[in-house]
Amino acid sequence: MSDVGPILRSARLLLRPLQPEDRAEYARVHTLSEELYRPYSPWPMEPVDQRFEEDLARSQAEWTDGSGARLVAHLTDGRHVAYVNLSQIFRRKSQSCVIGWRGNAETLRQSYVSEAVWTVLTYAFARDGLGLHRVQAAIVPGNVASLRVADKCGFRREGLALKYLLIAGEWRDHFIYAKLAEEHR
């Protein structure tokens, strides 16, 4: 653990909070992946420097107040291959959160995003991690890559949320997926 979030390892990846020194790689990945993100992302893609500053500040603030954990998954050569965010962490009776992910367009179809999501889920459910009971994801029906990640990571589809999220000025439907701690083995 660091004072700004967890440090996690999987077979091929190191996952850790976004750091100031990630600026160049973050900008490179988001610039080359812009077309991949655009149809599914509620956030503007530009300017990348501003987006980086917002993500960095949000990462630190959410970890500090306990409402989130934003992680970058990278290879040993330093390339970012995935970003996985836990947000809206609710404690008390709920013990739940929302998860979101996005990948690097140049490293797709190598299961890096699925590996990163699985690793973050393990941390989210672990007693010595966040100790959550439920993790939920919302995915635009046409986002085949994210649907595949949800399937590989053992999420269940619970339903369709009509006009769930505003993306590019349009309210878009989303499939709601969830996974419970006892389902993650």
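Which residues are exposed on the other side of H3? I found Thr 64 and Asp 65 there, both exposed, taking exposed as over 50% relative accessible area, buried as under 20% and partly exposed as in between (1.4 Å probe, protein chains only).

**Basis.** I worked on a predicted model, in which local features need pLDDT of at least 70, side-chain atom pairs count only at pLDDT 80 or more, and totals for chains, interfaces and linings use all residues. Residues are numbered from 1 along each chain as its sequence is written, and side-chain values use heavy atoms, with hydrogens and water left out.

**Helix H3.** I took helices (H or I, at least four residues) and strands (E, at least two) as DSSP runs, numbered from the N terminus. H3 covers residues 48-65 and has 18 residues. From its first C-alpha to its last I recorded 25 Å, close to the 26 Å expected at 1.5 Å a residue; the expected span is 1.5 Å times one less than the number of residues. I listed Val 48, Arg 51, Phe 52, Asp 55, Leu 56, Ser 59, Glu 62 and Trp 63 as buried in H3. Seen down the helix axis, the buried residues of H3 fall within an arc of 145°, so they line one face; the arc is that of the directions from the axis to the C-beta atoms. Their cover includes strand S2 (14-17), helix H1 (23-32), S3, S4, S5 and H4. After H3 I noted Gly 66, with a positive phi near 80°.

**Nonpolar cores.** I defined a core as a set of buried Ala, Val, Leu, Ile, Met, Phe, Trp, Tyr and Cys residues joined through side-chain atoms within 4.5 Å. The largest has 38 residues, of which Ile 99, Trp 101, Val 117 and Phe 155 touch the most other members. Helix H4 (112-125) is among the elements that each supply at least two residues, and H4 gives the most, with 9 residues. Leaving aside residues up to four places away in sequence, I found Trp 101 touching, among others, Tyr 83, Val 117, Ile 139 and Phe 155, with contact meaning heavy atoms within 4.5 Å. A second, separate core of 10 residues includes Leu 18, Val 29, Val 72 and Tyr 83.

**Cysteines.** I counted 0 disulfides, a disulfide being a pair of cysteine sulfur atoms within 2.5 Å. Cys 97 is buried at 3% relative accessibility, and Cys 153 is buried at 1%.
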